[in-house]
Amino acid sequence: MILKNVRLVSVKGLFSGDDIFSQYRLKKLIPDRKSIKLMNRAVQLGIVAARMALEESDVWKSVPPDRRGMFVSASPAIRGQDDLHNALMASMVDGKFSYASFAEEGRTQIHPLWLVRGLSNNILGFGTSFWDFQGENMNYCQGRHGGRHAFIQAAHAIREGRLDVALVGGSDSLIGAEDFLNTPCAEGAAFALLVSSKTDLELDLASIEAHEQNLPELGAGSWSIAFWKAYESNKIVSIAE
């Protein structure tokens, strides 16, 4: 795939399957500590990955805020005690979700801030506020396909002159959802920084897909993390003059 007039400046991420993952202290890396109580795990991962991508280059800082955009692949949270996971698991009867059990027992295990903490556009909302991205911004709730859609739409926004800079990526946290989803799960996030350019960006989609197939279930963060992993292996990006 060739994306016209786009340059990739940076790609950064974090993934629970990496040894280095345990060294991250997410709460210490959030720009505004007061906002943490309104962020679930997936949101924290996304904000930290976005910050890591931005810190790789200062090129975006000279661009007017209304020419900076953010594109995010995300999903409502189901992981962890403070999200929906415990409530859903308490509602299972013989391996199937029971509305009766949910009404009787499951709903009592939902944290009172779950709805606010679990909004799918929280990464977008906090990120655009932290870094003053006032241009075109979009949120995609398409599961594993969201990251690819977000990336392509971000590149199109630059190509069509609507933006000069785009921060694009995805995040999710599904650890603890293995029984509910019946598959190995993980958590992580990855973001890329794109800028307007006279050169073109060529992606090897087959390599990205191969990396994605080797990952556990990562929900909305799947494609973005696979992109980051493929980028680190130096197999997906080339510049066309």
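Colleague: Which residues form one aromatic cluster with Phe97?

Modeller: Tyr99 and Phe102 form that cluster together with Phe97, where rings of Phe, Tyr and Trp (its six-membered ring) pair if their centres lie within 6.5 Å, with planes under 30 degrees apart counted as stacked, over 60 as edge-to-face and the rest as tilted. This is a predicted model in which local features need pLDDT of at least 70 and side-chain atom pairs count only at pLDDT 80 or more, while totals for chains, interfaces and linings use all residues. Residues are numbered from 1 along each chain as its sequence is written, and side-chain values use heavy atoms, with hydrogens and water left out.

Colleague: How many aromatic pairs does the structure hold, and why is the pair of phenylalanine 97 and tyrosine 99 edge-to-face?

Modeller: The structure holds eight aromatic pairs. In the pair of phenylalanine 97 and tyrosine 99, the ring centres are 5.1 Å apart and the planes stand at 90 degrees, so this pair counts as edge-to-face.

Colleague: Are those two buried or exposed?

Modeller: Phenylalanine 97 is partly exposed at a relative accessible area of 31%, whereas tyrosine 99 is exposed at 68%; buried means under 20% relative accessible area, exposed over 50%, and partly exposed in between (1.4 Å probe, protein chains only).

Colleague: And what about phenylalanine 130 and tryptophan 131?

Modeller: Their ring centres lie 5.9 Å apart with the planes at 80 degrees, so they also form an edge-to-face pair. Phenylalanine 130 is partly exposed, with 22% relative accessible area, while tryptophan 131 counts as buried at 12%.

Colleague: Where is aspartate 132, then?

Modeller: Aspartate 132 sits in the loop between helix H6 (122-131) and strand S6 (137-140), with helices (H or I, at least four residues) and strands (E, at least two) taken as DSSP runs numbered from the N terminus. Although it is not a glycine, aspartate 132 has a positive phi of about 60 degrees. Most residues other than glycine have a negative phi.

Colleague: Switching to the sheet, what is the strand order?

Modeller: The order is S2-S8-S7-S3-S6 in an open sheet of five strands with mixed pairing, and two strands pair if DSSP finds at least two bridges between them. S2 and S6 stand at the edges with a single partner strand each, so one side of each has no neighbour in the sheet.

Colleague: How many bridges join S3 to S7?

Modeller: Six bridges join strand S3 (residues 68-73) to strand S7 (residues 165-173), and the two run parallel. Phenylalanine 71 stands opposite valine 168 in S7.
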